[in-house]
Amino acid sequence: MHYTKVIVGTILLVSAMLAFSIASSYYLSHSASKIDTHIRNVEANSRADNWTNANNELTNLEKEWEKSSRTWALLIDHVEIDNIDNSLTRMKEYIKAKNSVLSLGELANLKQYVNHIPQKESFNFNNIF
């Protein structure tokens, strides 16, 4: 009778951990997709030398990042969040200076930082072993 309680408790604990892992992976992927959309809008406006729209899209990107970063801080390494914050700060200055070369380079860095996190944190065999 005691072993049954241990087995059921273990199954419930493993199930809860698996459900949390799947939910957090979904959230990271979904929010990274939203952030990536804003990055692409900033990129398109930077390529077109439309700096007013690029700055507006950057403001939208920062708002989206501010909403997501609170939850991301609970799920991922803080170094990753610092990298994104630093990249956003540099990009803001490059867009103010209307420097398309530097802003496009920083946008590429930012896309890399944002898009690799869901892959890195996903629940798959490569990350388990």
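A residue counts as buried when its relative accessible area is under 20%, as exposed when it is over 50%, and as partly exposed in between (1.4 Å probe, protein chains only). By that rule Trp-65 is buried, and Trp-72 is buried too.

This is a predicted model, where local features need pLDDT of at least 70, side-chain atom pairs count only at pLDDT 80 or more, and totals for chains, interfaces and linings use all residues. Residues are numbered from 1 along each chain as its sequence is written, and side-chain values use heavy atoms, with hydrogens and water left out.

**The aromatic pair**

A pair of aromatic rings is described by the distance of the centres and the angle of the planes. Rings of Phe, Tyr and Trp (its six-membered ring) pair if their centres lie within 6.5 Å; planes under 30 degrees apart are stacked, over 60 edge-to-face, and the rest tilted. The whole structure holds 1 aromatic pair. Trp-65 and Trp-72 form an edge-to-face pair, with 5.4 Å between centres and 90° between planes. Both of these Trp residues are buried.

**The salt bridges**

Side chains of opposite charge can pair when their charged atoms come close. A salt bridge here is a side-chain nitrogen of Lys or Arg within 4 Å of a carboxyl oxygen of Asp or Glu. The count is 8 salt bridges.

Arg-40 and Asp-36 are both in helix 1 (residues 2-47), 4 residues apart, about one turn of the helix. Lys-67 and Glu-64 are in helix 2 (residues 51-75), 3 residues apart, which is about one helical turn. Lys-96 and Glu-93 belong to helix 3 (residues 78-96), also 3 residues apart, about one turn of the helix.

Salt bridges with shared partners also join Glu-43, Arg-47 and Lys-111 into one network.

**Buried or exposed?**

Take the listed partners in turn. Arg-40 is partly exposed at 45% relative accessible area, whereas Asp-36 is buried at 10%. Lys-96 is exposed at 57%, and Glu-93 is partly exposed at 44%.

Note on methods: Helices (H or I, at least four residues) and strands (E, at least two) are DSSP runs, numbered from the N terminus.
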